[in-house]
Amino acid sequence: MLNRTDTVSGMSGRAQLMWDEAVTGYDFGPDHPMDPVRLKLTRSLVSAFGLDREVDVVSAKPAGESTLRLVHRQDYVAAVKAASADPKGAAGEYGLGTVDDPAFAGMHEVSALIAGQSVGAAEAVWRGDALHAVNFAGGLHHAMPGGASGFCIYNDASIAIARLLELGAERVAYVDVDVHHGDGVQAAFWEDPRVLTVSLHEHPRTLFPQTGWPEETGAEGAEGSAVNVALPAGTGDAGWLRAFHAVVPEVIADFRPQVLVTQHGADTHFEDPLAHLAVSLDAQRAVQVALHDLAHEYADGRWVALGGGGYAVVDVVPRSWTHLVAIAAGREIAPDSVIPEEWRQEVFARTRQLAPARMTDGRWPVGWASWDAGYDPADRVDQAVLAARRAVFPLRGMLA
């Protein structure tokens, strides 16, 4: 492992890993792509690399109704509770009992628990109990104030941000690198200039939820507070990293957040079965490092990191999120590190699949071309970057 020690005056240099075994009860059934084995295997891989010694493993209480209602409507919370008690009676008008979001017994309780972990992470970072906090069970960014959507019941990311505002934060930046647009978080803060939402995702022409166009820039009074980089299907490492670095650092530098909240859906990966980008584990790790560094440069190190999508549940998700935990802990795992044999045996025992052997896809270090060196207006990735910059930068008084 490579050592990186993080300390900021007045804060603990320790990172928190939010974990309660009960979050694995977020289970839509055996045929659903969001298999909770991805959480179990991530937690096991974190332990296999000895990261439990480098972080404080903490379990927060479930989010109560008043906390859930920072984002969600009372009638929706009541509908989730009812569906949780009687799944067969789920209210379809709230997006419950659908193919994407089947109702299951205990759905409210486990969804509130996941939200509670993200709220706990936000509170710990804001109060200085931890410099960084990770909840890889979170990042359920599609849930809307009045409905479930896209495998998401309660929007833990939005609730955590709302809690930060309640505690006194005046500027919170949210950066979402899931392959799907972070629509629920954008919607929650569409009218609130205190929250900057940035989403880097596959273009809405080709992927759910068909939102996240560059022209979506925030409501009147919050113009320029929503940033959307909509990338063409097939975008790989070099294009993804080029787009990230051409937009994200500049808007973060302009906004100067007090806290950085990030969502790390692993479904940008070329093996993911539900989307069409072609990003490697190594590029995902590079963005995790970049976001960590942006938190230190502009937010005094305050960083709340969440999971999200990711449906290659053996080959990709556990490795990606273990890198995330290691980076937050200040003990980065070298990409060529061999994966402990005991974890590989656990993978086979749980899934009957062969586990990967190393913490890399063999593409490290990942190369990309800086935007400052010039751009090609005929290149589809550069077109996506230009569209985002031209839509948002002038609204923020920045040069596009």
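Trainee: Is Gln117 buried or exposed in this model?

Mentor: Gln117 is buried, with a relative accessible area of 0%. Keep in mind that the model is predicted. Buried here means under 20% relative accessible area, so Gln117 qualifies at 0%.

Trainee: Where is Gln117 found, and what does its side chain reach?

Mentor: Gln117 is found in helix α4, residues 107-127. Its side chain reaches the backbone oxygen of Ala60 at 2.8 Å. Leaving aside residues up to four places away in sequence, Gln117 touches Met18, Trp19, Val23, Val58, Ser59, Ala60, Lys61 and Asn135.

Trainee: How should I read a nonpolar core, and which residues touch the most other members of the largest one?

Mentor: In soluble globular proteins, nonpolar side chains tend to be buried together. Here the largest nonpolar core has 134 residues, and Leu96, Ile153, Trp240 and Phe244 touch the most other members. Take Trp240 as the case. Beyond residues up to four places away in sequence, Trp240 touches Val177, Leu200, Leu231, Thr235, Thr268, Leu277, Val279, Ala283, Gln284 and Val287.

Trainee: Now a strand. Why is β8 described as largely enclosed by the rest of the structure?

Mentor: Strand β8 covers residues 259-263, and five of the five are buried, so the strand is largely enclosed by the rest of the structure. Then check each face. Val259, Val261 and Gln263 lie on one side, Leu260 and Thr262 on the other, and all are buried.

Trainee: Which strands pair with β8?

Mentor: Strand β5, residues 172-176, runs parallel to β8 and is joined to it by five bridges. Within that pairing, Ala173 has Leu260 as its bridge partner in β8. Strand β9, residues 303-306, also pairs with β8 in the parallel sense, over four bridges. There, Val261 has Val304 as its bridge partner in β9.

Trainee: How does the chain cross from β8 to β9?

Mentor: The chain passes through helix α8, residues 281-298, and this β-α-β crossover is right-handed.

Trainee: How do I read aromatic pairs, and how many does the structure hold?

Mentor: A pair of aromatic rings is described by the distance of the centres and the angle of the planes. The structure holds nine aromatic pairs. For Tyr26 and Phe104, the ring centres are 6.3 Å apart and the planes stand at 90°, so the pair is edge-to-face.

Trainee: Which parts does the pair of Tyr26 and Phe104 tie together?

Mentor: Tyr26 lies in the loop between β2 (15-18) and α1 (37-48), and Phe104 in the loop between α3 (74-85) and α4, so the pair ties together parts that are 78 residues apart in sequence. Tyr26 and Phe104 are both buried.

Trainee: What are the values for Phe151 and Tyr311?

Mentor: Phe151 and Tyr311 form an edge-to-face pair, at 5.6 Å centre to centre with 85° between the planes. Phe151 sits in the loop between β4 (132-135) and α5 (156-166), while Tyr311 sits in the loop between β9 and α9 (317-329), so the pair ties together parts that are 160 residues apart in sequence. Both residues are buried. Elsewhere, ring pairs link Trp19, Phe136 and Trp321 into a cluster.

Trainee: Finally, how many residues apart in sequence are Ser44 and Glu346?

Mentor: Ser44 and Glu346 are 302 residues apart in sequence, but 8.6 Å apart in space, C-alpha to C-alpha. Ser44 is in helix α1. Not counting residues up to four places away in sequence, Ser44 touches Trp343 and Glu346.

Methods
Residues numbered from 1 in each chain as written. Predicted model: local features only at pLDDT ≥ 70, side-chain atom pairs only at ≥ 80, totals over all residues. Heavy atoms only, no water. Core = buried A, V, L, I, M, F, W, Y, C linked by side-chain atoms within 4.5 Å. Buried < 20%, exposed > 50% of the residue type's maximum accessible area, 1.4 Å probe, protein only. Contact = heavy atoms within 4.5 Å. Helix = DSSP H or I, 4+ residues; strand = E, 2+ residues; numbered from the N terminus. Pairing = 2+ DSSP bridges. Right-handed = clockwise from strand over helix to strand, strands pointing away. Polar contact = N/O pair within 3.5 Å; in protein donor to acceptor, adjacent residues only side chain to side chain. Phe/Tyr/Trp six-rings, centres within 6.5 Å; stacked < 30°, edge-to-face > 60°.
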